[in-house]
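Thanks for asking me to look this over with you.

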Amino acid sequence: MSKSSEISGFYKLSPADRLKIVKEFSGISSEDAELIQSMSGLKLEAADRMIENVIGAIPVPLGIAVNFLINSRDYLIPMAIEEPSVVAAASNIARMARAGGGFHTSNTGPVMIGQIQAVGIVDPHAARMRILEAEDEIVAKANEQDPMLVKVGGGARGIEVKVLDSTVGPMVVTELHVDCRDAMGANAVNTMAEAVAPIIERLTGGRVYLRIISNLASKRLVRSRATFPKETVGGEEVVEGIINAYAFAAADPYRCATHNKGIMNGVTAVALATGQDTRALEAGAHAYAAQSGRYVPLTTWERNEGGDLVGTIEIPMAVGLIGGATAVHPVAKICTRILGVKSALELGEVMVSVGLAQNLAALRALSSEGIQRGHMKLHARNIAISAGAVGEVVDKVAAKMVEERKVRFDRAKELVEELSRS
Ligand code: MEV
């Protein structure tokens with residue numbers, strides 16, 4: 001029988017005890033566990049091969065979000081992030097989601113778009129037709145570049161061609177659709193786009209400049225939805241606040257940017273833990289949010305007929321399990337094993353579910369007590385420790401400062417002295 005990810009009091013355990021649970025849940029080896037705990041998962045030589053001018057590495061905290069139930073499967077979810085409250089918030093909302101059956105997901109398949117820009121064409125609309133007539137030739141040329149991808153069921157699928165009006169006159173842009181299977185796909189798509197460029201030049205009589213993947217991965221969408229029984233999130237009034245918070249984001253791009261940022265707190269943290277290209281994901285998500293010409297929320301929140309809260313999310317998700325940092329960063333590889341995902345699409349579905357949870361956590365807090373109290377609790381602990389508190393004094397000093405609304409170093413020092421004397 002598979003194990004449950006619903007673990008109460010996980011946050012109260014020591015990092016070592018948490019890791020023990022993760023190891024038992026996921027079946028990672030003792031060496032894997034030691035590597036995670038060593039805080040130095042990436043060797044200098046490996047880093048030096050990954051990027052240029054390397055001088056070292058900068059570790060980021062790695063936490064585990066618990067309680068996630070997605071398509072009836074339990075997940076422990078690694079999240080790499082420097083911001084407090086994010087991991088706790090995801091875990092908390094995931095626990096609430098279980099009461100409504102957890103998260104349910106779907107996707108469009110792993111198709112990326114490569115763009116080939118041709119300019120200086122005298123008859124752009126006829127050129128567009130000539131390119132479309134040659135679709136088979138273009139797709140075949142693209143697929144010659146990556147026989148491995150074709151062998152595993154992926155490869156170029158077809159093309160679309162558009163004529164754009166631009167500041168330098170009309171340009172004909174050919175879009176190559178490539179099923180990337182479990183690769184993020186940038187390498188495969190860019191290679192294909194470069195390979196077919198001479199065909200485009202021949203057909204258009206123009207000149208090709210750019211041949212590059214689009215990060216607006218609108219053919220690689222991943223979705224998730226969850227129902228939260230109203231009493232689980234705090235009752236009707238809380239639901240009302242959340243719906244109002246969502247309406248604010250839907251009506252105003254200034255609020256919407258922050259709304260979507262909160263979603264990406266979750267998505268990007270899992271992306272970083274698993275070695276994904278976080279910038280590609282961020283670019284794709286925000287461009288997708290603006291695709292209608294208006295920048296809109298990546299989530300929706302509404303009530304079902306019983307008055308329970310229902311959330312949905314849909315985001316382009318260009319993630320991979322092979323290639324890139326996922327394949328070479330030892331800790332990213334272990335994080336992927338902890339997740340136990342079998343495909344890039346499954347990874348994407350987990351990531352958007354975390355994004356949905358993250359969004360609800362933010363809206364729920366913002367529309368009620370605000371987020372500062374939660375932040376302050378953690379901040380107070382850090383101040384208490386830096387003022388010399390140890391053991392149980394840490395929590396006592398932190399609690400007192402929060403209660404007094406005086407989360408300051410000088411007050412922490414006084415309290416540490418008082419409590420040490422008593
Ligand atoms: C902070 O990192 C994220 C939030 O600002 C998101 C939001 O406002 O919805 C809390």
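How do the residues of the shell around the ligand divide into nonpolar, polar and charged? Keep that question in mind for the first point, and remember that this is a predicted model.

1. **The shell around the ligand.** The shell divides into three nonpolar, four polar and three charged residues. To find them in the viewer, look for Glu-83, Arg-255, Thr-258, His-259, Lys-261, Gly-262, Asn-265, Ala-362, Leu-366 and Ile-371.

2. **Who supplies the shell.** Helix H11 (253–273) and helix H15 (344–366) each contribute at least two residues of the shell. H11 gives the most, with six residues.

3. In Glu-83, a side-chain N or O atom lies 2.6 Å from an oxygen atom of the ligand. For Arg-255 the distance between such a side-chain atom and a ligand oxygen is 2.7 Å, and for Asn-265 it is 2.9 Å. Taken alone, the ligand exposes 300 Å², and the protein buries 84% of that.

4. **A four-stranded sheet.** Now move to the open sheet, where four strands are arranged in the order S5-S6-S4-S7 with antiparallel pairing. Strand S5 (155–164) and strand S7 (207–213) are at the edges; each has a single partner strand, so one side of each is left without a neighbour in the sheet. On average, neighbouring strands are turned by 20° against each other, direction ignored. As a reminder from class, strands of a sheet pair through backbone hydrogen bonds, either parallel or antiparallel.

5. **One pairing in detail.** Val-119 has Arg-207 of S7 as its bridge partner.

6. **Helices on the sheet.** Helix H8 (residues 186–204) packs on the sheet and touches S4, S5, S6 and S7, with its direction at about 160° to that of S7. Helix H5 (residues 124–133) lies across S5 and strand S6 (171–179), and runs at about 170° to S5.

7. Strand S9 (residues 299–303) and strand S10 (residues 309–316) run antiparallel and are joined by five bridges. Arg-303 is bridged to Leu-309 in S10.

How values were computed. Residues numbered from 1 in each chain as written. Predicted model: local features only at pLDDT ≥ 70, side-chain atom pairs only at ≥ 80, totals over all residues. Heavy atoms only, no water. Pairing = 2+ DSSP bridges. Axes fitted to C-alpha atoms, helices over the stretch in contact; angles between N-to-C directions. Contact = heavy atoms within 4.5 Å. Near = heavy atom within 4 Å. Polar contact = N/O pair within 3.5 Å; in protein donor to acceptor, adjacent residues only side chain to side chain. Areas by Shrake-Rupley, 256 points an atom, 1.4 Å probe, with all protein chains shown as cover. Nonpolar A, V, L, I, M, F, W, Y, C, P; charged D, E, K, R; others polar.
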